[in-house]
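The sequence and the model are shown below.

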Amino acid sequence: MKVFSIAKGSHRLTKHAPPNLSQRDLDKLRALTIYKETYDVPLVCKTFGISKSTLYRWLGRFDPKDLSTLRDRSRRPKKLRSPLWPSTLVLAVK
């Protein structure tokens with residue numbers, strides 16, 4: 001007797017549920033999918049109202065195995081400037 005599975009691979013879905021994606025993240029995924037199907041950069045850029053550099057940045061960051069790479073990154077600089085003057089000297093000048 002052979003046993004057949006109704007949903008082959010469904011056990012993987014319970015372990016790795018897809019992340020909750022915002023509408024902007026879904027639009028990014030759609031743009032990248034259209035690009036992968038057509039390789040037409042002007043079409044994708046015109047359809048989604050983005051520049052070529054933005055599309056290429058999304059392509060560089062996107063990992064098909066990890067949908068959380070679609071989320072926007074922080075724009076805060078990695079290195080912040082430290083003050084050149086000590087606070088005591090600033091108070092003395094004031």
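## Salt bridges

Lys28 and Asp72 form a salt bridge, with their closest N and O atoms 2.6 Å apart. The model is a predicted one. This pair links distant parts of the chain: Lys28 belongs to helix H2, Asp72 to the loop between H4 and H5, and 44 residues separate them. Lys28 counts as buried because its relative accessibility is 4%, under the 20% limit for that class.

Asp72 also forms a salt bridge with Arg24, where the closest N and O atoms are 3.4 Å apart. Here too distant parts of the chain are linked, with Arg24 in helix H2 (residues 23-38) and Asp72 in the loop between H4 and H5, 48 residues apart. Arg24 is partly exposed, at a relative accessible area of 47%. Through shared partners, the salt bridges join Arg24, Lys28 and Asp72 into one network.

Another salt bridge is made by the side chains of Asp27 and Arg30, at 2.8 Å from N to O. Both residues lie in helix H2 and are 3 residues apart, about one turn of the helix. An α-helix has 3.6 residues a turn, so residues three or four places apart point the same way. Asp27 is partly exposed, with a relative accessible area of 29%, and Arg30 is partly exposed as well, at 42% relative accessibility. The count of salt bridges comes to 3.

## Fold and burial

The chain has 5 helices and 0 strands, and its pattern along the sequence reads α-α-α-α-α. Of its 94 residues, 15% count as buried.

Helix H4 has a buried side. Thr54, Leu55 and Trp58 are buried in H4. These residues lie on the same side of H4 because they cover an arc of only 100° around the axis. On the face of H4 turned away from that buried side are the exposed residues Lys52 and Gly60.

## Surface patches

Which residues gather in a patch of positive charge on the surface? Arg57, Arg61, Arg73, Arg75 and Lys78 do. One of them, Arg75, is found in the loop between helix H4 (52-61) and helix H5 (87-93). Arg75 counts as exposed because its relative accessible area is 82%, over the 50% limit for that class.

A nonpolar patch on the surface is formed by Leu84, Trp85, Leu89, Val90 and Val93. Together these residues have about 540 Å² of accessible area. Trp85 is found in the loop between H4 and H5. That loop also holds Arg75 and Asp72.

## A positive phi angle

Tyr39 has a phi near 55°, a positive value in a residue other than glycine. Most residues other than glycine have a negative phi. Tyr39 is found in the loop between H2 and helix H3 (41-48). With 57% relative accessibility, Tyr39 counts as exposed.

Definitions and conventions. Residues numbered from 1 in each chain as written. Predicted model: local features only at pLDDT ≥ 70, side-chain atom pairs only at ≥ 80, totals over all residues. Heavy atoms only, no water. Patch = residues over 30% accessible without salt bridge, like charges linked within 9 Å, V, L, I, M, F, W, Y side chains within 5 Å. Areas by Shrake-Rupley, 256 points an atom, 1.4 Å probe, with all protein chains shown as cover. Salt bridge = Lys/Arg side-chain N within 4 Å of Asp/Glu carboxyl O. Lys, Arg positive; Asp, Glu negative; His and termini not counted. Charge placed at Lys NZ, Arg CZ, Asp CG, Glu CD. Helix = DSSP H or I, 4+ residues; strand = E, 2+ residues; numbered from the N terminus. Buried < 20%, exposed > 50% of the residue type's maximum accessible area, 1.4 Å probe, protein only. Arc of directions from axis to C-beta.
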